[in-house]
Amino acid sequence: MNYTYRKGSCPLRREIKIGNEIIHEREWIEIDNGIIKVDLAPLPGLHQETLKESYLDFKNAEFKTPSALFAKECFDFFTGVEDIEIKSNKLLYIDLSNDPKESANTCQVNTIYKVKIGRGDLDLERKWLKIFLENLNESTQIRLDGNMSFTVEQLNAYLEDLKLDRVQYIEEPLVNATEWQLIKRSHELEFALDENIGHRRDFHFAKYIIVKPTWNLSLRNTLKELALENQEVVISSAFEPPNNMKILKMLAAEGDQVPGLDTLEYFNLDRLNISPFNII
Ligand SMILES: [Mg+2]
């Protein structure tokens, strides 16, 4: 197979923090097989591999890294990519300097917001979230994402007086997911697996799985999960560039759940740059 490689980059509208990395610009390598285009786009702070490692992995046809494997499997499985418009959840970061009531009032109706929790002072965050959840519009739903940052004790205190009826699920809040049963309000909340998706067959308490086909589950297995329907599949992205986003939207259209694919809004697409590729 002959591939054409091009270098892509795009500044973000505002910096994002992934793990310990602060990112201002997204970089990737676009691969074109003459039929479809896929991006090699490991996300610093999430993927272990660098862009260069991802490229070499693809070039050497080893596919040991999830980002290169995704590209390979896209070429294996897809002979075309359709442009599909799909409704996604929106990302919301808790900003303690914003009034929580006002933040709730500005949420759009009939929309799902994913709120990252456990990133700052837990007590201040909890107080903010309490007011936010109490002031939400009837038709707004919330997905909480804890990124494995809570102990059992911390999470019990955090959830204690939150209004949970608008919360669709909580994504991996605990350092140790198997302790979920120790959470006092676990029966009032659905659990979603993300980081521990590899345990989806053992962790029966997880109703949802958050699938990032470029990172935590291969495309082959994503398609399998969508067909199996033993857990609800939420297709999500790792701040993917435009070609990958198109592919993920196509996948998400196969599932029943609103995907987490609004991250292109973070790209300053007016300044997107695709240029000839020089070996890195
Ligand atoms: Mg998550």
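I started with a crossover: β6, helix α5 (residues 152-159) and β7 make a right-handed β-α-β unit. Right-handed here means that, with the strands pointing away from the viewer, the path from the first strand over the helix to the second runs clockwise. Helices (H or I, at least four residues) and strands (E, at least two) are DSSP runs, numbered from the N terminus.

The model is predicted; local features need pLDDT of at least 70, side-chain atom pairs count only at pLDDT 80 or more, and totals for chains, interfaces and linings use all residues. Residues are numbered from 1 along each chain as its sequence is written.

Next I checked the pairing of β7. Strand β6 (residues 141-145) runs parallel to β7, joined by four bridges; strands count as paired if DSSP finds at least two bridges between them. I found R143 bridged to Y169 in β7. On to β8 (residues 191-193): two bridges join this strand to β7, again in parallel. There I170 has F191 as its bridge partner.

Then I turned to the open sheet. Four strands pair antiparallel in the order β3-β2-β1-β11. β3 (37-40) and β11 (273-276) are at the edges with a single partner strand each, so one side of each has no neighbour in the sheet. Within the sheet, β1 (residues 4-18) and β2 (residues 21-32) share eleven antiparallel bridges. I noted S9 opposite E27 in β2.
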